[in-house]
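This briefing covers a sheet, a helix and a set of charged contacts. Please look over the sequence and the model before reading on.

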Amino acid sequence: MNANIFELFRTHWSVAPDRQFLVTDDTSLTYAEMDERSARFAAVLRNHNVTPGERVVVQIDKSMDNVAIYLAVLRVGAIYVPLNTSYTNAEVSFFVEDAAPALFVNSDNLAELTTEADAAEPWNRVEPRLADDLAAMVYTSGTTGRSKGAMLSHANLTSNALTLHAIWRFTPGDVLLHVLPIYHVHGLFVALHTAMLNASTVLFCPKFTVEQSIELLPEATVMMGVPTHYIRLLADDRFDSARCENMRLFTSGSAPMTEQVHEAFTERTGHQILERYGMSECGMITSNPYEGDRVPGTVGYPLPGVRLRVVADGHECSPGEVGVVQVQGPNVFLGYWRLPDKTEQEHDGDWFITGDVGSADTEGRLTLEGRSGDMIISGGLNIYPKEIELILDDCNGVLESAVVGLPDDDFGERVVAFVVASGPEQPLVDDLEATLRSSLASFKVPRSFHFINELPRNSMGKIQKVTLRQVAPE
Ligand code: MLC
């Protein structure tokens, strides 16, 4: 049997080849048309010597052809490596060097590849793959500031897609409002895979705007988002229960949602948001129940087939006790690309150490408390302070720096930098910002800079970020 997940998609959507798959403002594409488009791109990939097991790095705007290229990469048995479109050249060159792709698709060659696809003879086959062959590699940042490629197999993606499709009760006729970027696990796998297994129509928005979401909600039955999406919708009076009349399910993830937002949402729409928990290395791990209590502030139960334990000081925690969440299951990645030591470091035997801190109750319902590292989650994007501090520390006039996340009404957390000047003259904030912007994606650039005489340290010399968060000006 061919374990290539593309084969699974094709089996499921073949029930409705003429159904609209992706619908945008000005155009649409049926499932049969997407099948053909991906076959054309498959031919192009093969002409570019993309053979099974080779990587294809892709950094392009969200579009129908982006989806076709993703499917084409699966089809030819290669490994899809998506990159955030806001990464700078400096960031991208690291990924390209690390992944060593057979092809790098970006805005420079997209038009040419598209023209080649228009003219290509469709390659209608699906390369046979084994369950453990890689389908995708998703970069995640790390505490050291160096990104790691999480290797995801066809079996990883398949198990998660089938499970979510089942537990979130996708039914014929479901229409997905798709506002997420497709360079991350949430928008690419969770949203698109479940829709494809359902042969669902997807209202495919190039990016999230309140205006377009409000306009499209009456036509949709399912929306998947990050808390910032729901916070912004709630800030608009037009977002009400009438707009959500056809909606069956709102899910939220990638960042914690506050109980206040949960409650305001229910009050306004009559719907309870279903919060779930996942990460690039594992796809989805837990979910609040479709039927039964969706408890604000908790992320629900392990998905069927997924095992979870909470560990503190080398022992498994009893219910209610807080520790680090560890996971086992068919969804868990195969390791970090070319980093066997790092892979081993983040495992405890057969268990993957997520780095998230939480507790499980007697029924196994998980509540997350935070992270064991000092990662910042801003608008559903993970940001590692180290990456920013390393650049700041190299700036003229900077002795040292520390970056923390502070509470933010829109993004959940925002990035803030504390800087100690190396001399009597403070460096200019504009200069610091310009240096950071030249090498880092703009969502990582601190929203404010604060100069202090020295960084608070404990007796071991470790910077006390908790203290910094407390002294930060509003
Ligand atoms: C944009 N900006 C951000 C930001 N997004 N700053 C901090 N945090 C963010 N998340 C900044 C830009 O850098 C830019 O800054 C300015 O805001 C305008 O950019 P924009 O692109 O127009 O912003 P906007 O459309 O408002 O984006 C907000 C957003 C977006 C919430 C729609 O961030 C988003 O799509 N987030 C979802 C991310 C996601 O899919 N995560 C899933 C990861 S998978 P400037 O200074 O240049 O003006 C995962 C696993 C799991 O975590 O469980 O799901």
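Is arginine 414 buried, partly exposed or exposed? At 21% relative accessibility, arginine 414 counts as partly exposed, because buried means under 20%. The model is predicted. Arginine 414 forms a salt bridge with aspartate 408, with the closest N and O atoms 3.6 Å apart. A search of the whole structure finds 22 salt bridges.

**Sheet**

- Nine strands make up an open sheet with mixed pairing.
- The strand order is β2-β1-β9-β8-β10-β11-β12-β13-β14.
- β2 (28–30) and β14 (301–302) are the edge strands, and each pairs on one side only.
- β1 (residues 20–23) pairs with β9 (residues 201–204) in the parallel sense, over two bridges.
- Leucine 22 has valine 202 in β9 as its bridge partner.

**Helix α1**

- Helix α1 spans residues 5–13, and its buried residues are Ile5, Phe6, Leu8, Phe9 and Trp13.
- These residues lie on the same side of α1, because they cover an arc of only 155° around the axis.
- An α-helix has 3.6 residues a turn, so residues three or four places apart point the same way.
- At the start of α1, asparagine 4 places a side-chain oxygen within 2.9 Å of the backbone nitrogen of phenylalanine 6.

- Aspartate 35 and arginine 10 meet through their side chains in a salt bridge, at 4.0 Å from N to O.
- Arginine 10 lies in helix α1 and aspartate 35 in helix α2, so this pair ties together parts that are 25 residues apart in sequence.
- Aspartate 35 also forms a salt bridge with arginine 75, where the closest N and O atoms are 2.9 Å apart.
- That pair links distant parts of the chain, with aspartate 35 in helix α2 and arginine 75 in helix α3, 40 residues apart.
- Aspartate 35 counts as buried at 14% relative accessibility.
- Arginine 10 counts as partly exposed at 23% relative accessibility.
- Arginine 75 counts as buried at 0% relative accessibility.
- Salt bridges that share partners join Arg10, Asp35 and Arg75 into one network.

Methods: Residues numbered from 1 in each chain as written. Predicted model: local features only at pLDDT ≥ 70, side-chain atom pairs only at ≥ 80, totals over all residues. Heavy atoms only, no water. Pairing = 2+ DSSP bridges. Helix = DSSP H or I, 4+ residues; strand = E, 2+ residues; numbered from the N terminus. Buried < 20%, exposed > 50% of the residue type's maximum accessible area, 1.4 Å probe, protein only. Arc of directions from axis to C-beta. Polar contact = N/O pair within 3.5 Å; in protein donor to acceptor, adjacent residues only side chain to side chain.
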